[in-house]
Amino acid sequence: MNEKKIDRRILRTRQRIKETFAQLMEEKGFEAITIRDLTERADINRGTFYLHYLDKYDLLEKSENEIFEEMEKIADKAWEKVSREHYGKMNLDEPFPFIIKLFEYLEENYEFIRVLLGPNGNSAFQLRVKEVIKIKMLDKVLRYTQPKQMLVPMDYLVAYVSSAHLGVIQQWLQRGMDRTPQEMALLLSKISNFGPAHVAGLKETLEGKK
């Protein structure tokens, strides 16, 4: 019982530190943050901070690693039952399973991830998010493509789609999550499946000019 209470206390302290960290990053940027800023805002002493983290760089690294570990677990679980046969039967109007779970996770951790992906966030974190999208979604989807039927080189397609996914996520977070995770997953899937020209209503216009 005591161990469980201690564990919960530790988790609460770490959560308070991370929330304070996110607030300060948004206000002044990572480089300007000091340990004194963190401890005073979080209302803890320096000794308590150093029980959990070596410094602000360790705090940032561990916080980001926790996010990516969870995102990878979500992706792996979402794709467990998706075989070639199942993928072939998927409705293009339905979002990919990983995307739904990803937006739900982003919603649960909104404050911290919004800051990391915002203007005062960490550019390296953004690159890692793109890499997770590429490895955990695009690589799995694109294994079912027919190379001879592709209209553009694979590496450029992957770069375009992963960047587009990150851009949509950032827009959603900056708008205060104005749509549900399910709505966002469907929106993103429509853009990915049908392309910008089609969802913008330009495809018919362009085809009519032929």
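## The second largest pocket

Eighteen is written here as 18, the number of residues that line the second largest pocket, and among these Q15, K18, E19, N109 and F112 lie nearest its centre. The pocket has a volume of about 350 Å³, and the elements that give two or more residues to its lining are α1 (2-28), α4, α6 and α7 (110-116); the largest share, 6 residues, comes from α1. By class, the lining of this second largest pocket divides into 6 nonpolar, 4 polar and 8 charged residues.

The model is predicted, so that local features need pLDDT of at least 70 and side-chain atom pairs count only at pLDDT 80 or more, while totals for chains, interfaces and linings use all residues. Residues are numbered from 1 along each chain as its sequence is written, and side-chain values use heavy atoms, with hydrogens and water left out.

## Terms for spaces and elements

On a 1 Å grid over the protein atoms alone, a pocket is an open set of points with protein on both sides within 12 Å along at least five of seven lines, a cavity is a set where a 1.4 Å probe fits but cannot get out, and lining residues have an atom within 4 Å of a point. A volume is the space filled by probe spheres set on the points, which are joined across faces, edges and corners. Helices are DSSP runs (H or I, at least four residues), numbered from the N terminus; Ala, Val, Leu, Ile, Met, Phe, Trp, Tyr, Cys and Pro count as nonpolar, Asp, Glu, Lys and Arg as charged, and the others, Gly among them, as polar.

## The cavity

The count comes to 1 cavity of 30 Å³ or more, and the largest cavity has a volume of about 30 Å³. Its lining consists of M71, L102, L106, I113, L117, F125, V129 and I169, with α6 (97-108) and α8 (123-142) as the elements that give two or more residues. This lining has 8 nonpolar residues, no polar and no charged ones.

Helix α4 (residues 56-78) packs with α6 at an angle of about 150°, their axes lying 8 Å apart, where axes are lines fitted to C-alpha atoms over the stretch in contact and angles run from 0 to 180 degrees between N-to-C directions. In their contact (heavy atoms within 4.5 Å), E66, I67, E70, M71, I74, A75 and A78 of α4 meet P97, F98, K101, L102 and Y105 of α6. These residues divide into 9 nonpolar, no polar and 3 charged.

Between α6 and helix α10 (residues 181-194) the angle is about 135°, again with the axes 8 Å apart. That makes α6 oblique to α10, since angles under 35 degrees count as roughly parallel, over 145 as roughly antiparallel, 65 to 115 as roughly perpendicular and the rest as oblique. Here I99, I100, F103, E104 and E107 of α6 meet P181, Q182, M184, A185 and L188 of α10, a set with 7 nonpolar, 1 polar and 2 charged residues.

## Helix α6 against α9

The axes of α6 and helix α9 (residues 154-174) come within 12 Å and cross at roughly 35°. The contact is made by I99, L102, F103, L106 and E107 of α6 together with H165, I169 and W172 of α9, and by class it has 6 nonpolar, 1 polar and 1 charged residues.
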